[in-house]
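Please consider each point alongside the sequence and the coordinates.

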Amino acid sequence: MSEDQFMGSLYQRFPVTVERGVGSHVWDSDGKEYIDCMGGYGVALVGHQNQRVNNAIKEQVDKIITVHSSLYNKTREEFLKTLIGLAPKGLTQVHLNNSGAEAIEAAIKFARKFTGKKGMVAMKGSYHGKSLGALSLTFNPKYKKAFEPLVEKVSFASFGDIESLRSAIDDDTAFVILEPIQGESGIIVAPDGFLQDVRKLCDEKGILLIFDEIQAGLGRTGRLWACEHWNTAPDILCLAKGIAGGVPMGATLVRPDILAAMSKGEHSSTFGGNPLSCAAGTAALKALTEDGLIENSEKMGKIFREGLEKLKEKHTIIREIRGKGLMIGIELKFEVKDILMGLIDKGVLMLYSGRNILRVLPPLVISEDDITKVLHALDSVLTEEEQKRDVQG
């Protein structure tokens with residue numbers, strides 16, 4: 001691949017050159033078609049070439065592309081009204097930025113400034129990004145070791161264990177941050193009652209609660225917000241990935257009293273809230289809420305997981321199926337590299353988490369017919385892998 005001459009080895013590469021996409025399908029430069037269960041790592045939420053998003057971008061390009069937030073803009077205003085109208089209760093203000101990591105960085109600063117405290121508690125298994133502040137809250141040492149020292153005063157509690165969290169909190173703790181469903185560590189779903197217990201503990205201790213729904217939010221789990229599954233709202237909510245239909249955007253939603261603690265100039269973003277992203281963002285939010293995508297996520301996710309459970313009964317190398325909506329993890333008993341390559345050969349793109357977990361994050365427009373084809377391809381690849389292992393054994 002010629003890109004490798006210029007981009008170094010920062011990314012795990014797959015041997016596919018994608019030229020175009022429609023809905024839940026993409027085509028490579030040779031015209032081969034793939035069902036996209038990778039979804040740009042969750043970015044292609046409303047589908048490739050979503051007409052609402054495409055039309056909004058085309059219309060905005062003919063007006064203006066960039067307006068810094070030191071000036072007003074009606075496209076930005078419309079997006080803000082739409083987003084806040086959908087936000088969890090109490091989150092009525094927002095900082096617009098450009099990525100998930102930036103959304104986390106803003107949350108760190110807002111929480112520290114508001115509370116006047118420095119301590120931060122994240123979860124074991126967490127992933128919040130690779131900029132230095134976000135990386136400090138990310139658990140996996142392999143991402144962090146080469147860049148230490150990172151931001152100080154970070155502790156990690158066991159995900160799902162309220163007593164572990166209680167012991168990690170001290171008098172200088174500003175906030176607790178968690179993903180309602182941990183994505184990069186393998187689609188680990190919060191146990192029932194945990195989020196409610198965390199909310200109660202934070203209220204007792206006067207600590208802010210931050211939810212990272214960068215991967216799990218915006219309909220991915222069959223609800224608009226993943227935290228809705230547990231009827232719990234945070235003080236700060238971090239969003240990105242599919243929020244603008246594929247155009248770069250991040251957002252940090254906050255209670256108004258938290259944002260009021262920030263002084264002018266203490267945090268800003270040159271590109272954050274640019275009209276192009278905002279136009280795409282409004283269109284993406286309307287697609288989610290008016291075109292049945294959230295409902296489709298719930299319905300197709302159920303069909304997908306039921307099919308995967310049947311494969312689990314057939315293939316003993318599948319250890320566990322987990323997730324909600326169209327955020328699904330398939331844990332195997334061996335490394336998944338050969339499985340991913342086998343799926344590519346059969347026209348399916350899929351992600352991984354760690355060495356032995358397949359991760360499924362398709363566009364929310366995926367159809368039952370596509371799911372059936374993916375299940376058939378996975379069945380075939382797993383059968384081939386089992387046969388190969390039997391021969392080698």
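Predicted model: local features only at pLDDT ≥ 70, side-chain atom pairs only at ≥ 80, totals over all residues.

1. Five of its five residues are buried, so β5 is largely enclosed by the rest of the structure.

2. The neighbours of β5 are next. With strand β7 (residues 173–178), β5 pairs in the parallel sense over three bridges; here M120 has F175 as its bridge partner. With strand β6 (residues 154–157), β5 also pairs in the parallel sense, over four bridges, and V121 has S155 as its bridge partner.

3. P149 is placed in the loop between α7 (141–144) and β6. The peptide bond from E148 to P149 is cis, with omega near 5°. For context, most residues other than glycine have a negative phi, and most peptide bonds are trans.

4. Y41, found in helix α2 (residues 39–42), is not a glycine, yet has a positive phi of about 60°. Its relative accessible area is 29%, so Y41 is classed as partly exposed. Q49 lies in the loop between α2 and α3, and its phi is near 55°, a positive value in a residue other than glycine. Q49 is likewise partly exposed, with a relative accessible area of 43%.

5. Strand β13 (residues 318–324) and strand β14 (residues 327–332) run antiparallel and are joined by six bridges. Which residue of β14 stands opposite E320? That residue is E331. The hairpin has two residues between the strands, and in it G325 takes a positive phi near 55°.

6. T66 is placed in the loop between α3 (51–61) and α4 (74–86). Is T66 buried or exposed? With a relative accessible area of 51%, T66 is exposed, the cut-off for that class being over 50%. T66 and L276 are 210 residues apart in sequence, while their C-alpha atoms are 7.1 Å apart in space.

7. For the chain as a whole, contacts between residues at least 6 apart in sequence were considered, and 71% of these join residues at least 24 apart. The protein contains 14 helices and 17 strands. Its radius of gyration is 21 Å, close to the 21 Å that the globule rule gives for 393 residues, so the protein is as compact as a globular protein of that length. The C-alpha trace spans about 65 × 55 × 45 Å along its principal axes.

8. Finally, burial, surface and charge. Of the 393 residues, 52% are buried. The accessible surface comes to about 17900 Å², and carbon and sulfur atoms account for 50% of that area. The protein has 48 positive and 52 negative charges, and the mean positions of the two sets are 3 Å apart.

Conventions: Residues numbered from 1 in each chain as written. Heavy atoms only, no water. Rg over C-alpha atoms; globule rule 2.2 N^0.38 Å. Buried < 20%, exposed > 50% of the residue type's maximum accessible area, 1.4 Å probe, protein only. Contact = heavy atoms within 4.5 Å. Areas by Shrake-Rupley, 256 points an atom, 1.4 Å probe, with all protein chains shown as cover. Lys, Arg positive; Asp, Glu negative; His and termini not counted. Charge placed at Lys NZ, Arg CZ, Asp CG, Glu CD. Pairing = 2+ DSSP bridges.
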